[in-house]
Amino acid sequence: MKARRQTIEATGTRVAFIHMGSEAEARPFFARWGDAEIARFSDPEARLYREFGLRRMSIGEIFNLSNWLTVWKRGFEAAIIRRFGFGVPVGDPLRMPGAFLVHQGRIVREYRHQTPADRPDYESLAVCEIS
Amino acid sequence: MEMMETIRNQHGESLREMSARQPVLVIFLRHYG
């Protein structure tokens with residue numbers, strides 16, 4: 001995580017995470033992922049998520065088997081193959097994730113997940129052409 | 001975009017303040033743990 005952040009920040013773009021846990025819950029998580037210093041915003045009520053238009057999954061999406069197979073595959077990769085293990089999830093598994101490039105308080109680029117298992121190209125998204 | 005000013009990171013900085021000087025790639029997590 002830290003190496004990817006440093007690659008992006010070398011281009012002049014900072015990186016920040018928004019999460020739905022408390023700061024006390026987030027601190028050990030980010031430390032375990034190797035980037036304890038990264039900027040992060042605790043948003044337990046999902047107010048920023050709603051402000052950025054990140055909705056909860058629909059009933060159809062929840063029961064879409066192909067979505068869940070991909071989500072479980074990603075979870076397996078993280079927990080077993082990359083050896084991060086299992087824990088009690090913090091946050092809202094039904095809230096869609098997303099990634100946005102924000103400059104001077106305005107969204108200038110965005111990636112809205114079609115499924116929770118999408119993998120955006122963060123390095124490309126981080127390029128700000130107006131800075 | 002009121003929440004960009006209201007909610008602050010672990011260093012006390014809002015998203016609007018963070019993005020004032022340089023762009024910020026904001027990644028929203030679904031859950032973690």
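I count two strands as paired if DSSP finds at least two bridges between them. I need that before reading any bridge partners here. The model I have open is predicted.

**Entry 1: chain B on its own**

I started with chain B. I found two helices and two strands in it. Read from the N terminus, the order is α-α-β-β. I took the extent of the C-alpha trace along its principal axes and got about 30 × 20 × 20 Å. Chain B has 33 residues, and 42% of them are buried.

**Entry 2: the contact with chain A**

Next I looked up who takes part in the contact. Chain B gives 24 residues and chain A gives 44 residues. On the chain B side, α1 (3-6), α2 (15-21), β1 (24-28) and β2 (31-32) each supply at least two residues. I sorted that side of chain B by residue type: 15 are nonpolar, seven polar and two charged.

**Entry 3: β1(B) and its partners**

Which strands of chain A pair with β1(B), and in what sense? I found strand β4 of chain A, residues 98-103, running antiparallel to β1(B) and joined to it by five bridges. I also found strand β1 of chain A, residues 14-19, which pairs with β1(B) in the parallel sense, again over five bridges.

I then noted single partners. A:Phe100 is bridged to B:Val26. B:Val26 also stands opposite A:Ala16.

**Entry 4: burial along β1(B)**

Is β1(B) mostly covered or mostly open? It is mostly covered, as five of its five residues are buried. I checked which way the residues point. B:Val24, B:Val26 and B:Phe28 point one way. B:Leu25 and B:Ile27 point the other way.

**Entry 5: the nonpolar core**

I turned to the largest nonpolar core, which has 25 residues. Within it, B:Leu25, B:Val26 and B:Phe28 touch the most other members. I listed the elements that give two or more residues to this core: β1, α3 (47-51) and β4 from chain A, and α1, α2 and β1 from chain B. The largest share, five residues, comes from β1(B). In soluble globular proteins, nonpolar side chains tend to be buried together.

I followed up B:Val26. Leaving out residues up to four places away in sequence, B:Val26 touches A:Ala16, A:Ile18, A:Ala99, A:Phe100, A:Val102 and B:Leu15. Two of these names, A:Ala16 and A:Phe100, were already in my notes on bridges.

**Entry 6: two positive phi values in chain A**

I looked at backbone angles next. A:Ala46 is not a glycine, yet phi is positive there, near 55 degrees. A:Ala46 sits in the loop between β2 (39-42) and α3 of chain A. I count A:Ala46 as partly exposed because 18 C-beta neighbours lie inside 10 Å.

A:Gln104 is the other entry on this page. Its phi is also positive, about 50 degrees, and it is not a glycine. I placed A:Gln104 in the loop between β4 and β5 (106-112) of chain A. A:Gln104 has 14 C-beta neighbours inside 10 Å, so it counts as partly exposed.

**Entry 7: A:Phe76**

Last, I checked A:Phe76, which is in helix α5 of chain A, residues 65-81. Why does A:Phe76 count as exposed? I found 11 C-beta neighbours inside 10 Å, and a residue with 12 or fewer is exposed.

How values were computed:
Residues are numbered from 1 along each chain as its sequence is written. Chains are lettered from A and ligands numbered from 1 in the order in which they are written. This is a predicted model: local features need pLDDT of at least 70, side-chain atom pairs count only at pLDDT 80 or more; totals for chains, interfaces and linings use all residues. Helices (H or I, at least four residues) and strands (E, at least two) are DSSP runs, numbered from the N terminus. A residue is buried if 20 or more other C-beta atoms lie within 10 Å of its own, exposed if 12 or fewer, and partly exposed in between; C-beta atoms are placed from the backbone. Two residues are in contact if their C-beta atoms, placed from the backbone, lie within 7 Å. Ala, Val, Leu, Ile, Met, Phe, Trp, Tyr, Cys and Pro count as nonpolar, Asp, Glu, Lys and Arg as charged, and the others, Gly among them, as polar. A nonpolar core is a set of buried Ala, Val, Leu, Ile, Met, Phe, Trp, Tyr and Cys residues joined through C-beta atoms within 7 Å.
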